[in-house]
Amino acid sequence: MPQFDTIIIGAGHNGLVCAAYLARAGHRVCVLDAANSPGGLAAAREFHPGFRAPVAHAHRQLASEIVNDLKLTSYGLTAAPPPPTIALDPAGNHIAIGADSLTGADEADTQGYTRFIGQMRKFADALRPFWHKTMPRPGSSALGDIATFAHLGLNLRRLGRADMAEFLRVASLPTRDLMDEYFDSELLKASLCWDGLIGSKMAPRSPNGSVLTMLYRLAEGTTNAGGSVRALVNALCAAATAAGAELRCGSRVERISIEGIEGTEAGLRATGVVLEGGERLEAKHVVSSADPQQTFLKLAGIEHLDIGFTNRIRRLRCDGYVGKLHLALDALPNFPGLHRPEGRLIGAGTMDMLEFAYDDAKYGGFTDRPVVEIHLPSLQDDSLAPAGKHVLSAHVMYMPHALKGGWTDEARDRCRNNAIEAIARYAPGLREHIIYAEFLSPADIEQAHGVTGGHWHHTEFAMDQMLMMRPTYEAAQYATPIPGLYLCGAGCHPAGDLTGAAGRNSALELLK
């Protein structure tokens, strides 16, 4: 008899969400992770003595269904409104972007934002249920799949003819065109573009789904739990273990065991895993929260897969374009024009700055004027830094995974200095407070966390790699061509970010 009903590879947030749902349903679950602590990209790691920060530094999109189903507030996660987003201006004339209004913008842009956010939220609400469902297989005649398509059609019809036509028009627009229709301020336009671009290989002129990415993030941004990323990871671990799941860190999976089982398709089935060192664990199901290329090409092995499927997995676009800067600070930095640097601070400048930074990366280089998203997580969680000191965490775009000439120490040093300079445009005395600075390229993130290409979403979130095509057909419904093997990571529907939706969807699909 197998030792477990389900083995989950990876203790990132999706793996933990999946484990908690399955354990609550009575499965004997074991979660395995190569790292010494859970959380994946959301795990806080010490980058300088006494200073810690995760690669993923916000969870404003955590799905409310998961908070409620797993009772995460009883495990220390606190409810809070979305943190403010500040469009940073070097002269201190910042614009605060709220859920329904702006502060610091002129009258025309303020009115434009009311129209814009009202329309976009209407579209986001129509799409939201489908980020939390299994997408039907194209051509499926199953009653449940037909019902899902019918539900989607009904939601769009409820928008009314004019709004439905507008949705179809804007869904494929470049974000630049959409911003130009509503706003005059370059600062505001660049900052509002951010949620359509961050974590992807897209720029304001890219016509490949960036507006849909904005809608994806907006759908979850209206229903979130507050608190630190550390609190999120701790709550998910507590929920999973309280339900009976076993969590084993420092346990690297070397391969997925795939054996011939009579009566299964092609006589093969996933039967467990083999750990580094040779230990073998057996299970009825194996669920991988690793990215699709890691799962199929390395852990499962191409010898167990059809060549057409393997080729589609190889062609997935997985190059990360976001670097990470961590600063250990001896004091809270001063951003002129801000009373306190809380929430999300966007230093995007103008849409041209975004576009030019992307152009440099597109051809294998990096810009000397990067664009940044800044958080000071120690304001929320004082355990991340010694008393009186702080951590600054910044996402830095655009930094290509495949840098021309490779990621040498010289390239890292230059990018680190460029990123610090980009932040110092808004916080002039920043350098005086830096105790230590760390820069992680996408290649460093890949090396440290085993994520192909260092890509947040495991594979690009674009028109041809989303919904029932994510990551590719024959694996877009969480089950895979190998019976007993499932996916639950950011590389499957709906995508990445700390929503937990992929982990929940996968668990519910397996429980069917």
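Trainee: Leaving aside the neighbours within four places in sequence, which residues is Ala56 in contact with?
Mentor: In this predicted model, Ala56 is in contact with Leu41, Ala42, Val229 and Leu498, once its neighbours within four places in sequence are left aside.

Trainee: And where does Ala56 lie?
Mentor: Ala56 lies in the loop between strand S4, residues 51–53, and helix H2, residues 64–69. The C-alpha atom of Ala56 is also separated by 8.9 Å from that of His395, although these two residues are 339 residues apart along the chain.

Trainee: Is Ala56 buried or exposed?
Mentor: Ala56 has a relative accessible area of 16%, and because buried means under 20%, Ala56 is buried.

Trainee: Switching to rings, how many aromatic pairs does the count come to?
Mentor: The count comes to 14 aromatic pairs. One of them is Trp131 with Tyr216, whose ring centres are 5.1 Å apart and whose planes stand at 75°, so the pair is edge-to-face. This pair links distant parts of the chain, since Trp131 is in helix H3 (residues 107–131) and Tyr216 is in helix H8 (residues 210–221), 85 residues apart.

Trainee: Are Trp131 and Tyr216 buried or exposed?
Mentor: Trp131 is buried, with a relative accessible area of 2%, and Tyr216 counts as buried at 1% relative accessibility.

Trainee: What about Tyr358 and Tyr398, how do they pair?
Mentor: Tyr358 and Tyr398 form an edge-to-face aromatic pair, with 5.4 Å from centre to centre and 70° between the planes. That pair too links distant parts of the chain, with Tyr358 in helix H12 (residues 351–362) and Tyr398 in the loop between strand S17 (390–397) and helix H13 (409–424), 40 residues apart. Both Tyr358 and Tyr398 are buried.

Trainee: Which residues do ring pairs link into a cluster?
Mentor: Ring pairs link Tyr113, Phe116, Tyr182 and Phe183 into a cluster. For a charge beside a ring, you can look at Arg312, which lies over the face of Tyr473 at 3.8 Å from the ring centre.

Trainee: Back to Trp131, what reaches its backbone oxygen?
Mentor: The side chain of Asn505 reaches the backbone oxygen of Trp131 at 3.1 Å. Asn505 lies in helix H15, residues 501–511, and with a relative accessible area of 2% it is buried.

Trainee: What else does Asn505 touch?
Mentor: Not counting residues up to four places away in sequence, Asn505 touches Trp131, His132, Lys133, Thr134, Tyr478, His493 and Pro494.

Trainee: New topic, how many salt bridges does the count come to?
Mentor: The count comes to 29 salt bridges. As background, side chains of opposite charge can pair when their charged atoms come close. Asp195 forms such a bridge with Arg344, and the closest N and O atoms are 2.8 Å apart. Asp195 lies in helix H7 (residues 186–197) and Arg344 in strand S15 (residues 344–347), so the pair ties together parts that are 149 residues apart in sequence.

Trainee: Are Asp195 and Arg344 buried or exposed?
Mentor: Asp195 counts as buried at 15% relative accessibility, and Arg344 counts as buried at 8%.

Trainee: And where do Arg416 and Asp413 lie?
Mentor: Both Arg416 and Asp413 lie in helix H13, three residues apart, which is about one turn of the helix. Their side chains meet in a salt bridge at 2.6 Å, N to O, and Asp413 is partly exposed, with a relative accessible area of 33%.

Trainee: Which residue forms a salt bridge with Lys512?
Mentor: Lys512 forms a salt bridge with Glu509, with the closest N and O atoms 3.0 Å apart. Lys512 counts as exposed at 76% relative accessibility, whereas Glu509 counts as buried at 19%. Elsewhere, salt bridges that share partners join Asp5, Arg28 and Lys284 into one network.

Trainee: Last one, in what order do the eight strands form the open sheet?
Mentor: The order is S8-S7-S6-S15-S16-S17-S14-S18, and the pairing is mixed. Strand S8 (102–103) and strand S18 (434–440) stand at the edges with a single partner strand each, so one side of each is left without a neighbour in the sheet.

Trainee: How many bridges join S16 to S17?
Mentor: Five bridges join strand S16, residues 371–375, to S17, and the two run antiparallel. The bridge partner of Val372 in S17 is Val396.

How values were computed. Residues numbered from 1 in each chain as written. Predicted model: local features only at pLDDT ≥ 70, side-chain atom pairs only at ≥ 80, totals over all residues. Heavy atoms only, no water. Helix = DSSP H or I, 4+ residues; strand = E, 2+ residues; numbered from the N terminus. Buried < 20%, exposed > 50% of the residue type's maximum accessible area, 1.4 Å probe, protein only. Contact = heavy atoms within 4.5 Å. Phe/Tyr/Trp six-rings, centres within 6.5 Å; stacked < 30°, edge-to-face > 60°. Lys NZ or Arg CZ within 6 Å of the ring centre and 35° of its normal. Polar contact = N/O pair within 3.5 Å; in protein donor to acceptor, adjacent residues only side chain to side chain. Salt bridge = Lys/Arg side-chain N within 4 Å of Asp/Glu carboxyl O. Pairing = 2+ DSSP bridges.
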